[in-house]
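Here are some notes to read beside the structure. Please keep it open while going through the numbered points.

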Amino acid sequence: MGTNFFGEITVGQVIEGRPMGITRETIREFAEASLDFNPLHLDSEYMAKQDFGKTMFKQVIAHGMTNFSLITRMMTDWLWPHGGIHRRLETRWLKPVYSGDTVYPKAIVSKKLKTEKGQWVLFNIEVRNQEDILVSNGEAMAEFPE
Amino acid sequence: MEELDLKKIEKDFWKNWEKRKTWDEIRPGELRPTIPVTLTKEMIQKYARAIGDLNPLYFDEEYAKKTPLGGLIAPPSIHVMLMFACTPNDDWMREPGTINAGQSWFYNIPARPGDRIRLVCKALDRFIKKERLFVIHENVFYNQNDEVICSGRGWTIRPR
């Protein structure tokens, strides 16, 4: 099953992940689940006045790792039913995500190749917000065992 | 060996914040103190719910048993939680204002409920770019059989 599926994957193919609406409640829930209680995500007073180098966010921001986890969710949703394994993810955070935003993860197949012992698919990763602004990008890699 | 008690975990990252290592004090290559943790089904499912991921591999034991995985597993991104579960309150990753700039992770085998998780981690590099103080840290999570679950690297901007 895995081998056929691998054969049918095409470069340029787009995998769209499920979007997620971010609210103060989802940020709080992620803090409780991830044990990351940094005031960046929870303390409005701190964020209103805190200066981060040349950047002021002025309000709490979502955990970058929420985006990261939504990308892995997209990968496993797509891969596992077809015998694929999510092997790697690299991401960079470009813009903050705030309460009220909706994030849309997407993977675009960039390459397929076989090595001595494996079949691999590489992806370019994008997460955009509701205004189509790129908030994270990166690369992912999946393995399809023969 | 000390065990993690989730009810006792300190949620106030300001508590004793001045005792945490600053950018100047972080030594690349020096191991960070860590705490082994037994991963529970509850921890996994709480994490999965928080990212809206109700995959039956994390929730439905009967279903999971019939798959090649042979039982419940954790989502790959469970290392996000394990990073905080396996480090003490004075670890510099908890410093208020720590900005996550990027991460890269390799997934070897899934973590499973009941796994005894051990983290080996350290700063690998620190540098200044556009007046910002960066630290690169690297992390490897092992299970009770010393098998690698996942390994990864993070880029953070330090607040001081």
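1. Of the 160 residues in chain B, 36% are buried. In chain A, which has 146 residues, the buried share is 39%. Both figures come from a predicted model, not from an experiment.

2. Taken element by element, the lowest mean in chain B belongs to strand 1 (residues 37–38), at 96. The highest belongs to helix 2 (residues 56–59) of chain B, at 98. For the complex, the predictor reports an ipTM of 0.95 and a pTM of 0.96.

3. Chain B contains 4 helices and 5 strands. Starting at the N terminus, their order is β-α-α-α-α-β-β-β-β. The radius of gyration of chain B is 17 Å, close to the 15 Å that the globule rule gives for 160 residues, so chain B is as compact as a globular protein of that length. Along the principal axes, the C-alpha atoms of chain B occupy a box of roughly 55 × 30 × 30 Å.

4. Chain A has 4 helices and 6 strands, arranged along the sequence as α-β-β-α-α-α-β-β-β-β. The box filled by the C-alpha atoms of chain A is roughly 55 × 30 × 25 Å, again along the principal axes.

5. Next, contacts within each chain. Take the contacts in chain B with a separation of 6 or more: residues 24 or more positions apart account for 70% of them. For chain A, 66% of the contacts between residues at least 6 apart in sequence join residues at least 24 apart.

6. Which residues of helix 1 (residues 41–50) of chain B are buried? They are Met43(B), Ile44(B), Tyr47(B), Ala48(B) and Ala50(B). These residues lie on the same side of helix 1 of chain B, because they cover an arc of only 160° around the axis.

7. What covers the buried residues of helix 1 of chain B? The cover includes helix 2 and helix 4 (79–85) of chain B, and also helix 2 of chain A. Just after helix 1 of chain B comes Gly52(B), with a positive phi of about 65°.

8. Where the chains meet, 32 residues of chain A are in contact with 32 residues of chain B. On the side of chain A that touches chain B, helix 2 (24–34), helix 4 (64–79) and strand 3 (85–93) of chain A each supply at least two residues. Helix 4 of chain A gives the most, with 9 residues. By type, the residues on this side of chain A are 14 nonpolar, 11 polar and 7 charged.

9. How do strand 3 of chain A and strand 2 (residues 99–107) of chain B pair? The two strands run in the antiparallel sense and pair over 5 bridges. At one position that can be checked by eye, Arg88(A) has Phe106(B), in strand 2 of chain B, as its bridge partner.

Conventions:
Residues are numbered from 1 along each chain as its sequence is written. Chains are lettered from A and ligands numbered from 1 in the order in which they are written. This is a predicted model: local features need pLDDT of at least 70, side-chain atom pairs count only at pLDDT 80 or more; totals for chains, interfaces and linings use all residues. The radius of gyration is taken over C-alpha atoms; the globule rule is 2.2 Å times the number of residues to the power 0.38. A residue is buried if 20 or more other C-beta atoms lie within 10 Å of its own, exposed if 12 or fewer, and partly exposed in between; C-beta atoms are placed from the backbone. Two residues are in contact if their C-beta atoms, placed from the backbone, lie within 7 Å. Ala, Val, Leu, Ile, Met, Phe, Trp, Tyr, Cys and Pro count as nonpolar, Asp, Glu, Lys and Arg as charged, and the others, Gly among them, as polar. Two strands pair if DSSP finds at least two bridges between them. pLDDT is the predictor's confidence in each residue, from 0 to 100. The arc is that of the directions from the helix axis to the C-beta atoms.
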